Amino acid sequence: MNRLLPLLAFAALALLLGVGVMMNSGKDTSAIPSPLIGKMAPDFALPVLDEPERIITRDDLLGEPYLLNVWGSWCPACRDEHPVITDLAESGRLRVIGYDYKDESDDARRWLQQFGNPYALVIADVEGRAALDWGIYGAPESFLVDAEGFIRWKFVGPLTPEVVQAQLLPVLESLE
């Protein structure tokens with residue numbers, strides 16, 4: 001019996017793991033719910049990347065919806081996402097605000113010069129302190145904020161044309 005005990009414990013753990021995998025199969029693991037959806041965007045005071053003496057706050061962005069796109073020059077997935085962000089910004093449907101996260105300013109400027117700057121404005125959070133209030137824990141992440149400053153949608157990971165069409169644009173259209 002003592003020889004079968006480890007085998008039985010292993011079988012029980014394997015069964016438990018298998019049940020957990022089956023229960024989560026088919027679920028979208030990139031859809032991380034945010035407790036901020038439907039709430040006012042956190043207040044912040046961050047410098048503009050190219051004008052560090054100019055400080056932007058949440059209230060400065062009110063008046064029309066915007067997509068806050070969290071990125072960094074150090075982020076490989078941000079490079080993949082960048083053409084989608086550029087297309088979205090060029091479409092004129094939505095103002096796109098860049099949120100340069102935990103990045104050196106010179107590196108960020110070089111990155112934008114190399115790949116293009118689709119952003120209406122780029123704010124810089126070098127220390128990552130304001131990101132804590134937004135619930136940001138990496139890049140890329142994107143938030144749709146309505147004209148009154150309420151967060152309506154969040155996506156973790158690189159935006160794709162499919163995500164823009166199936167998720168972002170329907171929420172944006174509901175705001176219009």
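**A guided reading of the predicted model**

L7 belongs to helix α1, which covers residues 4-24; helices (H or I, at least four residues) and strands (E, at least two) are DSSP runs, numbered from the N terminus. The model is predicted, so local features need pLDDT of at least 70 and side-chain atom pairs count only at pLDDT 80 or more, while totals for chains, interfaces and linings use all residues. Residues are numbered from 1 along each chain as its sequence is written, and side-chain values use heavy atoms, with hydrogens and water left out.

With a relative accessible area of 53%, L7 is exposed. Here buried means under 20% relative accessible area, exposed over 50%, and partly exposed in between (1.4 Å probe, protein chains only). Together with M1, L4, L8 and F10, L7 forms a nonpolar patch on the surface, with about 610 Å² of accessible area in total.

The next feature is a covalent link. The whole structure contains 1 disulfide, a term that denotes a pair of cysteine sulfur atoms within 2.5 Å. The bond joins C75 to C78, with an S to S distance of 2.4 Å, and is right-handed, with 85° about the S-S bond. Both partners are buried: C75 has a relative accessible area of 4%, and C78 has 2%.

Helix α2 has 16 residues (76-91) and should span 22 Å; its end C-alpha atoms lie 24 Å apart, which agrees. The expected span is 1.5 Å times one less than the number of residues. At H82, α2 bends by about 40°, and the proline P83 follows within four residues. The bend at a residue is the angle between axes fitted to the seven residues ending there and the seven starting there.

Charged side chains supply the last group of contacts. A salt bridge is a side-chain nitrogen of Lys or Arg within 4 Å of a carboxyl oxygen of Asp or Glu, and the count comes to 8 salt bridges. Among them, R54 pairs with E51 at 3.3 Å between the closest N and O atoms; R54 is partly exposed at 37%, as is E51 at 32%. R58 pairs with D59 at 3.4 Å; R58 is buried at 16%, whereas D59 is partly exposed at 46%. R95 and E64 meet in a salt bridge at 4.0 Å, N to O. Because R95 lies in strand β4 (residues 95-101) and E64 in the loop between β2 (51-57) and β3 (66-71), this pair ties together parts that are 31 residues apart in sequence.

Methods
Patch = residues over 30% accessible without salt bridge, like charges linked within 9 Å, V, L, I, M, F, W, Y side chains within 5 Å. Areas by Shrake-Rupley, 256 points an atom, 1.4 Å probe, with all protein chains shown as cover.
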